[in-house]
Amino acid sequence: MPQDISSGLVPSDRPEYPASLNRAGEKMDNIVLKMEGICKTFGEARVLKSVDFELAHGEVHALVGGNGAGKSTLMKIMTGVYTLDEGKIFVNGEQKKIAKPNDAKECGIAMIFQEMSLVNTQTVAENIFLGAELSKGGMLNKAEMNRRAKEVLEKLGIELEPTVRVGDLSVGMSQMVEIAKAVSKDAKILIFDEPTAALSDSETVRLFQLIEQLKKEGVSIVYISHRMNEILQIADRITILKDGEHVITADMKEMTLEKIVSYMMGGEQKEDTKFAWVERSYDESADDLLTVKHLKINSKIADINFSLKPGEILGFAGLMGSGRTEILETLFGIRQKRGGSVLLNGQEIVNKNSKQAVRNGFALIPEDRRKEGLVLIHSILDNAMLPVWDRTTSGKIFNDRKKAAETVKGNISDLGIVCAGMGQRIGLLSGGNQQKVVIAKWLNSSPKVIMLDEPTAGVDIGAKGEILKIIRELADQGIGVLFVSSELTEMMAICDRIITIFDGRITGEIKRKEIKNEEELQNAIQRS
């Protein structure tokens, strides 16, 4: 993510907001939403412990905390997905009971979900009016829906035809439709959950512009993100949660990255959260572990050439859509190459599918762990052993539940997975711990080459440091690592060598020790 992505978009003279809640209950004219003493328990786990939160008129209020801090639970209570056990919610000074999503809608509260709720087979207009379709004479009035949808889109400055099918839109433009859908229903409080996780740089800039416009129109925004640079750029105030408790609410003028991290980590800033680069040693004169020659994936991504040494961490840096993910997916057999060759330890191989890739020693941590990396309704044990359940008793024995349990117990200990036990359903884990299980799953397949696509997406800053530490340790064992990330801080922290990709072509190769700062790498990425 570029360092000044919102330069010129976010005013430096941020408005003043009240610094704390009025616990006596007096109405504060500038506060549109107040949550007071919110408690929530699931089973024996107390997830929220008397949490206070407030949102002012026309502000962007960042909600920050580590995975498992309680952010999502608090927002689900605000939107009626969960009901609170204790506490009060006030909207425009009036106490409200929000027991279901419709209650939140009636209060003008809407959530722009990280995993969007649009129907890909329907048009933009049909999605905007989803659940509130217009009819005339007992028939769907598509003309009127198109007209009104056009009005909403134009009001928001979104250049998009209402008749376009949502499935044909980019992720960024789909998110704009989500926002238009909420605004069309007169939502005055919007909650953004990791809104830039799948956006390109230009789409992120457009989103920030739209957020600024919404603020000017009096819309109040809760902004949840693990990307601290974004928080510093766009938020007016910040509330930090830790272990289900309110830590601090403060004006962003008073905060720095170091302060935010310190509050999130309980006053102690762990060394591995600093993303400091320490030069690694590996045998640069060794024979190539992986050699890719003239790889062609499609008409755009062609003539890809690179090599990887045992124990090396090689980064692919480029804008979203440059071809980084496609290269990893082709090596893993998800996509079929149209030309070129792939050599592992000097021998040419062809991975026609992912099962064959695993047999050949490849592992892929995918960009979207929830959709592509895990089975959320299954246990930690089942997920961690997924790639190797079918191995027979000759060789490595993984179809024996007892031996599988021993393996996963080792995974939990070695990777520091915080859980109630290997039988726990993986969907109940925090994002950072879910990602550690994805890594464990592929480590159990004994890979020679491990490929990681945005491995810290949606993971808090403490868990990011832990995951980068794990990756370094894997490379130290002689495993070759291919690393893709949009977070240049991570690339600078972990890679030994970085290949830059632009519009499907390799445009350069830089040794990490030769890169002086992040801006140098950013400029190299954008150089065609």
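At what angle do helix α14 and α15 pack, and how far apart are their axes? The angle is about 15° and the axes lie 10 Å apart. Axes here are lines fitted to C-alpha atoms over the stretch in contact, with angles from 0 to 180 degrees between N-to-C directions. The two helices are therefore roughly parallel to each other, a label for angles under 35 degrees.

This is a predicted model, where local features need pLDDT of at least 70 and side-chain atom pairs pLDDT 80 or more, while totals for chains, interfaces and linings use all residues. Residues are numbered from 1 along each chain, and side-chain values use heavy atoms, without hydrogens and water.

Helices are DSSP runs (H or I, at least four residues), numbered from the N terminus. Helix α14 spans residues 431–443. Its contact with α15 (heavy atoms within 4.5 Å) includes Ile-439 and Leu-443 of α14 and Ile-467 and Ile-470 of α15.

Now the core. A nonpolar core is a set of buried Ala, Val, Leu, Ile, Met, Phe, Trp, Tyr and Cys residues joined through side-chain atoms within 4.5 Å. Buried means under 20% relative accessible area, with a 1.4 Å probe and protein chains only. The largest core has 75 residues, and Phe-306 and Leu-482 touch the most other members. Helix α15 (residues 461–476) gives the largest share, seven residues. Another core, of 53 residues, lies apart from it and includes Val-124 and Ile-238.

Last, helix α1 (residues 71–78). Six of its eight residues are buried, so α1 is largely enclosed by the rest of the structure. Among them are Leu-74 and Ile-77. Just after α1, Gly-80 takes a positive phi of about 80°.

Key
Buried < 20%, exposed > 50% of the residue type's maximum accessible area, 1.4 Å probe, protein only. Parallel < 35°, antiparallel > 145°, perpendicular 65-115°, else oblique.
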